[in-house]
Amino acid sequence: EACRQTSSPENILNKVQDNEEEERLNRELELTTKERNELTDRLLYVTGGSMNKSPYFSPNPFYENLKIKEKEVMSLLHNLDTKNIEHREKFQELKKEINFYR
């Protein structure tokens with residue numbers, strides 16, 4: 001007697017659950033892929049389009065210009081501090097000289 005396979009309600013239920021799970025995973029994968037693509041686009045925008053992972057990676061030119069400006073400003077600030085100290089010392093000397101001649 002040949003063994004006849006019939007689809008039991010349990011087998012049908014398992015197939016339906018498997019199909020639903022597969023559809024859920026496909027939707028989740030699509031959403032994750034969409035989110036990754038949006039984040040990649042945002043990263044490309046922020047980095048000025050250069051996302052090269054090589055050792056010769058060139059960062060965003062706006063950021064580089066900002067770093068150069070910061071160095072210039074910090075150098076200027078240092079020079080002003082130095083001159084301020086020199087002028088204060090000179091001022092103290094002059095005050096002593098004025099007091100001496102009084």
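I began with Glu-64, which counts as partly exposed at 27% relative accessibility. I am working from a predicted model.

**Glu-64 and its partner**

I looked for what Glu-64 pairs with. Its side chain meets that of Lys-67 in a salt bridge, 3.9 Å from N to O. I checked Lys-67 as well: its relative accessible area is 33%, so Lys-67 is partly exposed. I then placed the pair in the fold. Both residues lie in helix H2, which covers residues 61-100. They are three residues apart, and therefore about one helical turn separates them.

**Further along H2**

I moved on to Lys-69. Which residue does Lys-69 bridge to? I found Glu-72, with the closest N and O atoms 3.9 Å apart. Lys-69 and Glu-72 are both in helix H2, with a spacing of three residues, or about one turn of the helix. Glu-72 has a relative accessible area of 45%, so I noted Glu-72 as partly exposed.

**Over to H1**

I turned to helix H1, residues 9-46. Here Arg-24 and Glu-28 form a salt bridge. Their closest N and O atoms are 3.0 Å apart. How many residues apart are they in helix H1? I get four, so about one helical turn lies between Arg-24 and Glu-28. Glu-28 is partly exposed, at 44% relative accessible area. Arg-24 is also partly exposed, at 35%.

Glu-21 joins Arg-24 and Glu-28 in a network of salt bridges. I then searched the whole structure for such contacts, and the search gave four salt bridges.

**Charge on the surface**

I checked the surface for clustered charge. Which residues gather in a patch of negative charge? I listed Asp-18, Glu-20, Glu-22 and Glu-23. One of them, Glu-22, I placed in helix H1.

**Aromatics**

I searched the whole structure for aromatic pairs and found one. The rings belong to Phe-100 and Tyr-101, and their centres are 5.2 Å apart. Are the ring planes stacked or edge-to-face? The planes stand at 80°, so the pair is edge-to-face. The cut-off behind that call is over 60 degrees. Are Phe-100 and Tyr-101 buried or exposed? I have both down as exposed.

**Whole chain**

I finished with the totals. The secondary structure comes to two helices and zero strands. The chain has 102 residues, and 3% of them count as buried. I took the accessible surface next: about 10,300 Å² for the chain. Carbon and sulfur atoms hold 56% of that surface.

**Recap**

The aromatic pair is made by Phe-100 and Tyr-101.

Terms used:
Residues numbered from 1 in each chain as written. Predicted model: local features only at pLDDT ≥ 70, side-chain atom pairs only at ≥ 80, totals over all residues. Heavy atoms only, no water. Phe/Tyr/Trp six-rings, centres within 6.5 Å; stacked < 30°, edge-to-face > 60°. Buried < 20%, exposed > 50% of the residue type's maximum accessible area, 1.4 Å probe, protein only. Areas by Shrake-Rupley, 256 points an atom, 1.4 Å probe, with all protein chains shown as cover. Patch = residues over 30% accessible without salt bridge, like charges linked within 9 Å, V, L, I, M, F, W, Y side chains within 5 Å. Lys, Arg positive; Asp, Glu negative; His and termini not counted. Charge placed at Lys NZ, Arg CZ, Asp CG, Glu CD.
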